[in-house]
Amino acid sequence: MTGTHDRTVVDINWNNLGFSYIRTDFRYLAHWRGGEWATGELTRDNVLHISEGSTALHYGQQCFEGLKAYRCQDGSINLFRPDQNAARMQASCGRLLMPAVPTEMFIEACRQVVKANEHFIPPYGTGGSLYLRPFVIGVGDNIGVKSAPEFIFSVFCIPVGPYFKGGLVPTNFITSQYDRAAPHGTGAAKVGGNYAASLLPGQEAHEKNFGDVIYLDPATHTKIEEVGSANFFAITKDGKKFVTPQSPSILPSITKYSLLHLAEKRLGLQVEEGEVYIDRLDEFGEAGACGTAAVVTPIGGIQHGDQFHVFFSETEVGPITRRLYTELVGIQTGDREAPQGWIVKV
Ligand SMILES: *Cc1c(COP(=O)(O)O)cnc(C)c1O
């Protein structure tokens, strides 16, 4: 292992961080060869040297994860539900015929990366966090369409700012003619191919001044599935029910399942995973997008064809969305009591 004594002197304006690549000091790297994962280690090198025939480059054999480490008020460091990210990456690997990374190895890799780059964690109170990006890629000499002979598992990290600099501000979204995934394709796996498919519709949405695309169910285009990199939820007009779409082509968001739990157990709402028809949005008084990066983003309105549906308000966050946000972020940063097993200390 590379010595962790000579660290970069960090000169970062913590209050001005966005979501962009910053080269931190150490990343974790492990190889799978001959049927097993070799012991991984930290390296300073942020460049991968891989075969030109790597399946990750030609056939999209790769998957990734995203989770955050938070600095708490008492100086300790929280990881939020890393076992869930490990389990989801195992499912993604299974779908793409890649070897799964065991949960202990996954969490240990995250811990090592956070510890070695501790000086890059934004201080408590800045709203920033250390974003971890684990990934598995198929590598090694190959040309035929088949699973790779070798794999790499790596985890790197970057300090990121709060998603909302000026507080919780609603974002508008637009539906698309395009799909990010097929009905029984890879929508439920966190794989780059879904993202490649979402770049063009995403750009079209941005050109029209929308935050991102709301994808409809690929079979009928009548029901909301999710946002390109976040799940969708809505609150019924009577303020009593938290509803989120259910579909085999939605990426199962850990944030979404956390909000489902908090909505039921802490806010006393009824919760439902079901159908959300795009032409019946007037059943809802509030709506939001949720994910590790988006946290809880209130949705101002949704453009669908020539209809623009506004939920609570285009400028203000609804009361239930705000409570969900406060509860979730409070747990992540250690200010509120976490449900059993949600927080892993680094
Ligand atoms: C990662 C991701 C999400 C959010 O999942 P979290 O576990 O909450 O971060 C939602 N949708 C897609 C397509 C994703 O890739």
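The C-alpha centres of domain 1 and domain 2 lie 26 Å apart, and that pair of domains is where I'd like to start. Domain 1 covers 14-161 and domain 2 covers 171-332; those bounds come from an automatic or database domain assignment. Before going on, please keep in mind that this is a predicted model, where local features need pLDDT of at least 70, side-chain atom pairs count only at pLDDT 80 or more, and totals for chains, interfaces and linings use all residues. Residues are numbered from 1 along each chain as its sequence is written, and side-chain values use heavy atoms, with hydrogens and water left out.

So, how many residues does each domain bring to the contact? Domain 1 gives 18 residues and domain 2 gives 21, where contact means heavy atoms within 4.5 Å. About 1600 Å² is buried between the two domains, and carbon and sulfur atoms give 61% of that. Buried area here is the accessible area, taken with a 1.4 Å probe, that two parts lose on being put together, summed over both. If you want three residues to look at on the domain 1 side, pick F64, F80 and R88: they supply 38% of the area that domain 1 buries against domain 2, more than any other three residues.

Which elements build the domain 1 side? β4 (62-64), β5 (67-71), β6 (77-80) and α2 (82-95) each supply at least two residues, and the largest share, 5 residues, comes from α2. Helices (H or I, at least four residues) and strands (E, at least two) are DSSP runs, numbered from the N terminus.

Let's zoom in on S76, in the loop between β5 and β6. Its side chain makes polar contacts with the side chain of D74 at 2.6 Å and with the side chain of K345 at 2.7 Å. Leaving aside neighbours within four places in sequence, S76 is in contact with Y70, R71 and K345.

Back to salt bridges for a moment. The structure holds 8 of them, and one joins the side chains of E150 and R33, at 3.4 Å from N to O. E150 lies in strand β8 (residues 150-160) and R33 in strand β1 (residues 27-33), so this pair ties together parts that are 117 residues apart in sequence.

I214 stands opposite V227 in β11. β11 also pairs with strand β12 (residues 230-236), again antiparallel, over 2 bridges, with N231 in β12 as the bridge partner of E226. There are 2 residues between β11 and β12 in this hairpin.

My last stop is K223, in the loop between β10 and β11. Where does its side chain make a polar contact? With the side chain of E275, at 3.4 Å. Not counting residues up to four places away in sequence, K223 touches Y215, L216, D217, E275, V276, Y277 and I278. The C-alpha atoms of K223 and P245 are separated by 8.2 Å, with the two residues 22 apart along the chain.

Definitions and conventions. Two strands pair if DSSP finds at least two bridges between them. A polar contact is a pair of N or O atoms within 3.5 Å; within protein, one must be able to donate a hydrogen and the other to accept it, and residues adjacent in sequence count only if both atoms are side-chain atoms. A salt bridge is a side-chain nitrogen of Lys or Arg within 4 Å of a carboxyl oxygen of Asp or Glu.
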